[in-house]
Amino acid sequence: MFRSIQVVSASLLLAFIITPLLAQEDKPADLPVTKAVLFSSGVGYFEHSGTVEGDSIARLMFKSEQINDILKSMVLMDLDGGTITTVAYASKEPVERVLRSFGVDISDAPTLPELLAQLRGAEINVDGIVGKILSVEKEEKVVGEPPTKVTEHIIRIVTAKGIQSVKMSSMQSLTLTDPKMQNELNEALTLLIGARDQDRKAVDVRFTGKGKRRVRIGYLVESPVWKTSYRLDLSAEKPLLQGWAIVENVSENDWKNISMSLVSGRPISFIQDLYTPLFVDRPVVETERYASLRPRLYEEGIEANRKGKALAEANEKMDGFARSRAMAPAAKSAESARFAGAPAADADARFDLGGSVQSVVSGGSVGELFQFTIHHPVNMQRHRAAMLPIVNQAVKAEKISIYNQAQHATHPLNGVYLINDTGMKLPAGPVTVFDGSTYAGDARLDHLAVDEKRLLSYAMDLTVTIDPCNSSSQKITSARLVRGVLYVNRMQTYTQTYKVKSKADGKKTLIIEHPFVNGRNLTQPKSFEEKTPQVYRFRVPIDGKDVGDFVVEEQQPATQSITIMNAHPNTYLGYMTEGAISDKIKAALQKAATLQQELNELQAHVNRLQQEKRLIEQGQDRLRKNIETVGRDSTLGKRYLEKLTEEENQIEKLEADIVSTQKKVDAKRDELANYVNSLDLN
């Protein structure tokens, strides 16, 4: 593709320079758009082609926001021996930076006093007074009634007669006598005016060579996403799928007899600012004798030739996924599909959706993408749009009803099982469904690969009513007692019953979507039509007017653990009646409960003794206060002392009983712990 681009200097393969004007010796070349490839990712590849003679320049016009894409993607070809030397375009150097480069700096929108102060020393002519600007001063004064403070700007001008002052409020005219300075001001103002027109930019491609030559220019720019809409006719004996591509021309060029392709896929595309000039802050370098060695910041290195562990794990997962797909239940044969509808009796009145439309494209894979190529040249003026037929052929489609409780709890939806046997990858888009020679509803189609099967729903099916109800139950399946922990295995059973009532005259096929819950195992029915990450799909045949139940049963195992030492005996003694628990475990639980009951009784006895001791100690406090009140040598005081001595003897006895009983508690706790920790029973 790039063989015709020759190196024009040691550092350039393709030069981009700022040359806004065409050289007079170059001939203008007219290169219209001849090819367009529109991608569903929002970009388009456009190609201009034609012939040039001698040294020529082709000028292309673009919107300013497209220049970055042009600089990133443009490819150039001179097919008959010529070369491409330069691609020239107007620079997008920031206006403020360019303005600051002029002798008259108006980048900050200065006022007239500020501008004249900036031109200090320049020669001016103010109302016939010619001289150089010495200064621009301001004076404040009070005028009027009521008094108002105003600011007066005064220009001090050095003339042949001396310094003269001119009030700016009274001057009638002012000119710069220096032609160079006046020209600088004019150029700065012209630049400001030109900077406002950012809509269209010229890009000039210079072709160098002899004689007539074929040339091409190609580039990628942002384009509207081409869209797809479908019509699905279920009226015929075999359903018809018709697809239309909707494209828009928002470019700056009319499309006249161009070759067009539409590509479905999502290639990565991005915008990088290559148009705006970049200026790098440069370091200030000291004079050699003062400079010193500066520390260098080294970037982190990445080890090479290392096999990625994550990649290997990903491959293993993909292999497992492929095996699981191979083991999945096979889909029912397409030959078993029931095609809906029948041809109309009156051929003249027949609803013939595809009879007057012919697909104008052919499809094929382009790498990982899929391309629709338009057979005939396309004509479209700029800022216009068009619909182009891309699919118009019979497809396999089975009429069904689709029920999902989350979508509608009472009625299913009319739908179809569509099989893409068109030989083309079908992009996503809306589908208008016709049945019985009339409109039946709208559906949505996601990206559909070749031979892929997909559900579409388009209307409410009022001939079928469904009443869903659910229930759950659980039972213990096994238990194990290991080192003081009782593990109880349960099986939770979830049952969903769909009561189906049909008022239809003929047979129907119902697809029930049942939620998929991770961790649950499907036990009834044994198989399903298909499964998605969110739902199971079950095929339920309905034979005319009928009422019946469709039952979905799932089971989910769960394990509960109980630590014997920390639990009340009633927590685990309830399992004594479960038949799934062995007699050995039941006997061990009974003994553990007995030991724990004895431990609880001993601990309760300790608690009673401690409570009795606390009550006596509270009474002693009262006695001591009474003794202090009546005196130790009084008759009542002596009585209180005797009572205090008696209670001290009781406390000593209680403390001895507490210590003795606590030893029994510790011994019983050790006995229980040693017993339960020694168990390993199934």
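This is a predicted model: local features need pLDDT of at least 70, side-chain atom pairs count only at pLDDT 80 or more; totals for chains, interfaces and linings use all residues.
Is Val158 buried, partly exposed or exposed? With a relative accessible area of 37%, Val158 is partly exposed, because that value falls between the 20% and 50% cut-offs.

Val158 is found in strand β10, which covers residues 148-159. Together with Leu134 and Ile163, Val158 forms a nonpolar patch on the surface. The three residues share about 240 Å² of accessible area.

**The chain as a whole**

Now let us step back. The protein chain has 682 residues, and 37% of them are buried. Its secondary structure comes to 8 helices and 34 strands. The accessible surface is about 41200 Å², with 51% belonging to carbon and sulfur atoms. Contacts tell us about the fold too: among those between residues at least 6 apart in sequence, 72% join residues at least 24 apart.

What does β17 pair with? One partner is strand β3 (residues 33-39), which pairs with β17 in the parallel sense over 5 bridges. Here Ala36 stands opposite Met260 in β17. Strand β20 (residues 378-380) is also joined to β17, this time by 2 bridges and running antiparallel. In that pairing, Met380 in β20 is the bridge partner of Trp255.

Helix α7 runs from residue 583 to residue 630, a stretch of 48 residues. How far apart should its ends be? At 1.5 Å a residue, the helix should span 70 Å. The end C-alpha atoms are 71 Å apart, which agrees with that expectation. After α7 comes Gly631, whose phi is positive, near 95 degrees.

**Salt bridges across the sequence**

A search of the whole structure finds 27 salt bridges.

| Side chains | Distance (N to O) |
|---|---|
| Glu554 and Arg520 | 3.9 Å |
| Lys668 and Glu598 | 2.7 Å |
| Lys613 and Glu655 | 3.8 Å |

Let us take them in turn, beginning with the salt bridge between Glu554 and Arg520. Glu554 lies in strand β33 (residues 546-563), while Arg520 is in the loop between β29 (507-515) and β30 (521-524), so the pair ties together parts that are 34 residues apart in sequence. Glu554 counts as buried, at 2% relative accessibility.

Next is the salt bridge between Lys668 and Glu598. This pair links distant parts of the chain, with Lys668 in helix α8 (residues 635-677) and Glu598 in helix α7, 70 residues apart. Lys668 is buried, with a relative accessible area of 16%, whereas Glu598 counts as partly exposed at 31%.

The salt bridge between Lys613 and Glu655 comes next. Lys613 lies in helix α7 and Glu655 in helix α8, so this pair ties together parts that are 42 residues apart in sequence. Lys613 counts as buried at 17% relative accessibility, and Glu655 is partly exposed at 37%.

Notes
Residues are numbered from 1 along each chain as its sequence is written. Side-chain values use heavy atoms; hydrogens and water are left out. Helices (H or I, at least four residues) and strands (E, at least two) are DSSP runs, numbered from the N terminus. The expected span of a helix is 1.5 Å times one less than its number of residues. Buried means under 20% relative accessible area, exposed over 50%, partly exposed in between (1.4 Å probe, protein chains only). Contact means heavy atoms within 4.5 Å. Accessible areas come from the Shrake-Rupley method with a 1.4 Å probe; for residues, only the protein chains shown count as cover. Two strands pair if DSSP finds at least two bridges between them. Patches are made of residues with over 30% relative accessible area and no salt bridge: like charges are joined within 9 Å, nonpolar side chains (Val, Leu, Ile, Met, Phe, Trp, Tyr) within 5 Å. A salt bridge is a side-chain nitrogen of Lys or Arg within 4 Å of a carboxyl oxygen of Asp or Glu.
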